[in-house]
Amino acid sequence: MQKNFSKLILFLCLSVFTFFLSGCGQTIVIEVPDVYKTPKSPDAENAKADVDVYFDATISMKGYTTLAAGNVYRTLPDILDAIGTSMGKASFFKFGKDVTPIDNREHKKFSSQEPYIELVTAVHNVVDYANPDHLTVIVTDLFESEADWSNITKKIREKYFANHKAVAVIGVKNSFNGEIFDVGLNAAKFNYNSYDDPNRFRPFYLLILGDEAPVKNFMERFKDVQTLNNTTGYLLLSENLTEKMIDFSKMSLEEIEMENFFAETKLDIASRGVREFGIDSFSSPAMFTVNFDYKEPLGACQLNLDEMTQDVRIFALADEESGEWQELEENDVKIEVAPVEGEQNKFAAKYSMTPDKSLERGKINFVHAALVPTAKGYQLPQWVRNWNMANVDVAPGNFDGSKTINLIHVLNALKDAVFDTTRPAMIEFNFVVDAR
């Protein structure tokens, strides 16, 4: 089937690399669609943005302010003001059913019991109200009136994930003494006291929405300013989902162990992420292996290496003058990745194929080969599972206030929402073989 890359402009943003055919002086431009380009994780260290903080002012949040021991929440208004001011302009709001701006220094009152008088929690109205060009920080216990988190997820997907923005969740276990409403299917109310026991502390959450770099910057700054040893969990959901493990832009030729492949320089390739290889024998198996270090960044989804699928597309240059490509229908490419035994955070990625079964002789071939996690390949961090409580009818003696009702359901819905908009590769190899 003939494939002309210029037609892909209709539905893909294109990036271009150029190489020169040796000996003929002809320049051929190859347009590579973004499907071959995993989004680059932005540099978060110096990312700036105006920060809008929304405090959940419902009665159930009052209990976080009552006990002195192990209390991060009492210092939260000052912490968020300091971080927001360091990143840009900090503004504050409160919400229950509606969203209301807070004047002057009124946000400091949220360290006391006074402001918590609202009866309805409507996080979805905050998402509607939020300025997507600012960094939005929602302080909440992740409760939504009528448990309508599917509506919140839909709004976040359309307003943030579909526009290449990110969402992070920071959970903090905090001392608590107060009322908890609408628990379980029977909408029960409980009085809960954690006392000074960290094992009984109740989590509150920061839901952070905006461009990925400021979101990551905020997470790092929040982590750095913590002075108490309260248990804290981090989750980052973006079009990267987790950092890409390896591609050719991150390694030198000396790091590639090859068999029946060799480094070639007949073509002057301008793209840093695309290599040129030659083949010794088209009838024999060809493979290369690269070892690399990988450590999950703060808040990243955990990877299940048993839940991966291959994304392989190979093209032969059918017409050098027009740049028309023909996609080859069959190949025997295999990509494998596994931990290196005995070495922490060390992995090996292996690419293998039989050239006669995967490439076209007499042509310039372009190979895109990636290993991509399935939906099950991304797993929520362990802390989410540990803090989760099923949404069932709860008897008074069985209620565990140290956990959050339906936490896994809520955060899985957000994870699936971002997965619907992007599917980044964990291993990606783009290379050219001149088989003329």
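Predicted model: local features only at pLDDT ≥ 70, side-chain atom pairs only at ≥ 80, totals over all residues.
The protein chain comprises seven helices and 26 strands. Of its 436 residues, 51% count as buried. Among the contacts in the chain with a separation of 6 or more, 77% are accounted for by residues 24 or more positions apart. The mean pLDDT of the chain is 85, and 85% of the residues reach 70 or more. Over residues 1–39, by contrast, the pLDDT is below 50, although this stretch has 97 contacts in the model beyond near neighbours in sequence.

Seven strands are arranged in an open sheet with mixed pairing, in the order β6-β5-β4-β7-β11-β8-β12. Strands β6 (99–101) and β12 (232–237) stand at the edges; each has a single partner strand, so one side of each is left without a neighbour in the sheet. From one strand to the next, the twist averages 20°. Within this sheet, strand β4 (residues 51–56) and strand β7 (residues 135–140) run parallel and are joined by five bridges. In this pairing, Tyr54 stands opposite Ile138 of β7.

The buried residues of α7 are Leu407, Val410, Leu411, Leu414, Lys415, Ala417, Val418 and Phe419.

Helix α4 (residues 212–224) has 13 residues, and the distance from its first C-alpha to its last is 18 Å, close to the 18 Å expected at 1.5 Å a residue. Its buried residues are Glu212, Ala213, Pro214, Val215, Lys216, Asn217, Phe218, Met219 and Phe222. These buried residues pack against α1 (76–87) as well as against strands β7, β8, β11 and β12.

His107 is placed in the loop between β6 and α2 (123–129). Because its relative accessible area is 0%, His107 is buried. Apart from its neighbours within four places in sequence, His107 is in contact with Phe55, Pro77, Asp81, Phe92 and Ile102. The C-alpha atom of His107 is separated by 9.5 Å from that of Tyr54, a residue 53 positions away along the chain.

A further open sheet is formed by four strands in the order β13-β16-β21-β20, with antiparallel pairing. Its edge strands are β13 (256–259) and β20 (334–339), each of which pairs on one side only. Neighbouring strands of this sheet are turned by 15° against each other on average, direction ignored. Strand β20 is joined by six bridges to strand β21 (residues 346–353), and the two run antiparallel. Here Val337 stands opposite Ala349 in β21.

A search of the whole structure finds 31 aromatic pairs. One of them is formed by Phe288 and Phe431 in an edge-to-face arrangement, with 5.9 Å centre to centre and 80° between the planes. This pair links distant parts of the chain, since Phe288 lies in strand β16 (residues 286–293) and Phe431 in strand β26 (residues 427–434), 143 residues apart. Phe288 counts as buried because its relative accessibility is 0%. Phe431 likewise counts as buried at 0% relative accessibility.

The rings of Phe292 and Phe347 have their centres 5.9 Å apart and their planes at 15°, so this pair is stacked. Phe292 belongs to strand β16 and Phe347 to strand β21; the pair therefore ties together parts that are 55 residues apart in sequence. Both Phe292 and Phe347 are buried. Ring pairs also link Phe55, Tyr64, Tyr73, Phe92, Phe110, Tyr116, Phe176, Tyr192 and Phe204 into a cluster. Two members of this cluster, Phe55 and Phe92, are among the contacts of His107.

Terms used:
Residues numbered from 1 in each chain as written. Heavy atoms only, no water. Pairing = 2+ DSSP bridges. Axes fitted to C-alpha atoms, helices over the stretch in contact; angles between N-to-C directions. Buried < 20%, exposed > 50% of the residue type's maximum accessible area, 1.4 Å probe, protein only. Contact = heavy atoms within 4.5 Å. Expected span 1.5 Å × (residues − 1). pLDDT = per-residue confidence, 0-100. Phe/Tyr/Trp six-rings, centres within 6.5 Å; stacked < 30°, edge-to-face > 60°.
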